[in-house]
Amino acid sequence: MYPPSLVVTFTKKSSVKMAKLTSLFVISLSFFCISEAVFEDQVGKFDWRQQYVGKTLFAHFESNTQSSKKMFVATDKNIFASFNSRTGDLLWRHVDKTGPEGSIDILLLHGQDALMVVGDGRLLRSWDTNIGGLNWEAVLDTGSFQAACFVAIQDTVKLVAVLKKAALSLHYLSNGHQKWVENLPDSDAVQYQAVYSGGEEEVYVLGVVPNSHLTIIAYSLEDGEIIKQRSVEASWLSSVESSCVVVGQGVLMCVDPATLALYTLPIQAEETPEFSQILLQSLDLEVSPGFQPVLVSSQPHPARSPLSEFFLQLGPDHHVLLQLNADGYTIAPLRDFQPAFLVSFATTGKKTVAAVMTPKNETACAINLFSVDSGRRLLDTTVLFPLELNGGKPHALYVHAFLKKDDSVGYRVLVQTQDHALTFIQQPGRVVWTREEALADVVTMEMVDLPLTGTQAELEGEFGKKAAIQDGLFPMVLKRLSSQVTLLQAWLAHLWKLFYEARKPRGQVKNEVTIETLSRDEFNLQKMMVMVTASGKLFGIDSKSGSILWKHYLENVQPNAAFKLIVQRTTAHFPHPPQCTLLIKDKDTGLATLHVFNPIFGRKSHIALPALPRPILQSLLLPVIDQDYAKVLLLVDDQYKVTAFPSTKNVLQQLQEMASSIFFYLIRSDQGNLSGFRLRKDLSTERIWEVVLPTEVQKIVAVKGKRPNEHVHSQGRVMGDRSVLYKYLNPNLLAVVTESTDTHPERAFVGVFLVDGVTGRIIHEAVQRKARGPVHFVHSENWVVYEYWNTKSRRNEFSVLELFEGTELYNSTVFSSLDRPHLPQVLQQTYIFPSPITTMEATLTEKGITSRHLLVGLPSGAILSLPKMFLDPRRPEVVTEHSREENLIPYAPEMPIRTEWFINYNQTVARVKGIYTAPSGLESTCLVVAYGLDIYQTRVYPSKQFDVLKDDYDYVLISSVLFALFFATMISKRLAQVKLLNRAWR
Amino acid sequence: MASVPRSFLLLSIIPTILILCADFACCNTGRKTGDGLDTDFSGFSVPLEHSFQVDDVSRFRMRGALQLRGGRETSVSLSQSQLSEEDRNTLKEVAAVDGLYKIRVPRVSLTDRQTERQMDGYLTAFVRACSLVESHLSDVITLHTDVSGYLIGVSIVTIPGACRGTEVEDEVDLEAFNTTLTIIAPTNAPQPETALFIERMDIEHEKRGKPQEQKSFFAKYWYLILGGAIFLMASSSAQPSAGGAEEQQS
């Protein structure tokens, strides 16, 4: 109704005049342009975004008052972020470079400043924690990062010390300027691993020559002069970092798992010190067999020395709180905690407490506070942490302690579990919020239709064949009537709800989605998003609201595992539940396991899984279904033997019958080998074709087939002269993309091969000269679109290949790869694209009538909806009558990027990794999910909403016109009758 | 090899079709040695083998010899023998059980003769035996090479390709292959056509732009300016009198 404007993405509905003017402008400017945009009042109506940060490495709380709301985390995704601790929402987030260049080595917090060392000691950064702004950034000297700590001068923290492999440097906290930098003596032999400052005039560096001796160097804070240098005999010591801490008044405490003893050493002693040994046995302590004991200490304030109390972990669930006596070499045990998963120190004001997490029962863990001085339990400090049935175990504990008004210690606790989830708990055990940070690394996903409602299902069940056979005629009629009554009831209830909600203001209507109320909507726009994350946690997310409806953590998943998610049975086969299978493959061994679950409820199915003793090379989903309507999954192992799942008799019989028409391909990119196989009746296979791309010349980087659920509505294209150009629609076609091994800009190339997956026939072979990857491509319908880097012109380019059979179809009734002797005509055109891209996908609709768009994820976080019309190799260079008739856009070498094509307006998706598209029940509408660090869900309408009435459709006007016309006809009819009668009388 | 037909007397060479594939851009991509060898490069021959068995186990036998000629202009020709009585029967049997007819060629390089023998392995392709029989042994074999002249794939199709189940009665139809042989090198994908586009833009610009640029602002709108000036002058000369009249009245 109101056309969108050219530049601004938001268009106020009220500014009709303006919009009309701009629309004229748009139409006159670009005749063929299809413009679409989001109206301001549509923001957030059909779309949502969730922002994540990744697995937490460091977490700190702002200050130790009860009212503070901020907490800071640094994660393995190179992100530094701040959360609102009341809601768990992101306050701000800084996304650094991926990879080791942006990795966060350490995060230190002091007052308003957050200090961070980035990129293995490359940069030192200071952030203002209030607003998340960068205070300063200092480039550090080369050398790998070892340790960092705050240094106080006369009770105020003014400096930060950074220890590198061969140098120690001090920087001012206020501006990042370097106070001094000193090379460490003999750094080739000595591994310097720790730096310590206890508020004195010196800063100590600890280094070790493994299994020989320990080196202690004291530097003067003032000018970096070495005050003293000690070497202590320590043949048992291999690493300071892993086995030593500083406790009390500068006493180094080390644990040796070999001799089962603690060693103490005063660092600041004047004369040459020596380690004094305390056997654990003398303290009545025993280390669990095979466990490396760990020491945990706490330094509440950098200007003061650490606490003399410390934890010693003796086993996976055994901790002891120990105290170093004032003499510096005797130890008193304060309290034994067994079982205890996690321990943590927390300080508020002058009080330091220890938080200990102990298992309570199967569904919860208890966290208690203990006084550090005495080891006594503080009263009323128990907090329960609920353990989820299919969640990860607690992994880390971050305690925010504060003083209450009555001077007692209160606390909140952040628990990190193995599945990367963060849970924030308040006394007395209320879960304030949970963040599922595993979603920062989604690997693959599927969208599954929601099930029908109870009444709909009942209707379906009524017409099920089983029911019809069992019942007679009369019960069937009764059943019919009763189901009609329930339908009527449901409809009335629906009407009542509509009426009830209409009276409330719009904002207050909130449909809480729970797993029980899930049902398919009229147009199948709401679906279940099944997301698989790299950590091995599965999620079921409602696509409408973005709320997580179920989660399931798979333990024992290797960090480098590859996942493939397969929908074996959709929701369409009531009463059989839908079924998804996740194939988890260990990349090193190639061994695979299956996880079969119900995608709606997330529950694991209790189906007998096939034994997979051999590495799996390939999996393929056949259109064959078993008697329970589950599609058959074939798994090919490294001996080319095939395992079917499910493998019932029925399935095996069907497979035997169909064996000669089941073909599959295998690709070994390391050998450049593509080979095809045919299934035999005994489920063994035979190799029937082989194509080898020599690895000396080029390597296969990606292979893509077509999506099996893709529909193509039109078989051909009508040309200007009214003849039809038929598309080459080969469902078995594979697009193989290669890159040259020669990376010289002049000789580098990108190869595109179109290979038939059944016969191994190379349908087309093209080489893009002077080109380099990364190549992103989409293969759909009869076209392939790929994007590459042009090394000569130094720009990104898009190329489109389209395949046509010509003006006549070879065999119009059925397509068979075995019977298509003629090669298709291939048309290709290339365009300049003014931006690099990170991922690409094509829209998908129910019947394939709607025109296609390409969804392009840009590094900026925008998602561009590029009409396929612009990527058409038939775009003419010279406009003719025919091309105008066909609506072809004249060729222009540069592809435009229009801001109104950004489907996610200002909701950028950081580090887009993949885009998933799914058809909805409406032909015009395609559901889109973009995932990366963030998750963004929206709908796109590539040909606008041609099958939907507008929101502002004037029902009143239309119906009043209808009624008026109706009455007008009635009245005029009556009048005409009267007139006729009168005339008759005359 | 032991089962090579005894009917070697009938050996005949079937003329083949040559398709020349020029590969210009390739010449400077590290093939300078190959170019130098062009003078004494007389081509070489590799075996083309086929296999058709009722039990679908691959047992490849000689079908013919491919004469390959690399270099600037790649060409290929094929000399092959006729099928023996025994082979014909086997082929018919295989066709009856919907078996496969497979062919293979060794992996070779057309340009670099040193590495020719070092590469192991074969390139394989297949066609349904029934379609080969029904097409009376008329097949199309295509060899694909990559940018540097390595053979990367082979394909075989028959024309017509369908299996309709028609019986081939005449034995003579299954004696000699009627082979069309082609060799295909990769095509160069197009670059963005900036030069042509700019040229076209220039032409359009010239067409439209020239008459406008030559005329200056005054030259174009002199009549309007003149008309305006006259109008202004006329109105200014008329106004003082009107104003004067008003003054007199007050």
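Why does Ala976(A) count as partly exposed? Its relative accessibility is 38%, and partly exposed lies between buried (under 20%) and exposed (over 50%), with a 1.4 Å probe and protein chains only.

This is a predicted model, where local features need pLDDT of at least 70, side-chain atom pairs count only at pLDDT 80 or more, and totals for chains, interfaces and linings use all residues. Residues are numbered from 1 along each chain as its sequence is written, chains are lettered from A in the order in which they are written, and side-chain values use heavy atoms, without hydrogens and water.

**View 1. Ala976(A) sits in helix H8 of chain A.** The helix covers residues 955-985 (a DSSP run of H or I, at least four residues). Glu802(A) is 174 residues away from Ala976(A) in sequence and 64 Å away in space, C-alpha to C-alpha.

**View 2. Chain A meets chain B.** The contact (heavy atoms within 4.5 Å) takes 49 residues from chain A and 45 from chain B. In chain A, Glu765(A), Arg769(A) and Glu877(A) lose the most area to chain B. Together they give 18% of what that side buries (accessible area, 1.4 Å probe, lost on putting the two parts together).

**View 3. Glu686(A) forms a salt bridge with Lys102(B).** The closest N and O atoms are 3.3 Å apart (the limit is 4 Å, from a side-chain nitrogen of Lys or Arg to a carboxyl oxygen of Asp or Glu). The count between the two chains is one salt bridge.

**View 4. S52(A) runs parallel to strand S10 of chain B.** Two bridges join them (pairing needs at least two DSSP bridges; a strand is an E run of at least two residues). Val767(A) stands opposite Asn188(B).
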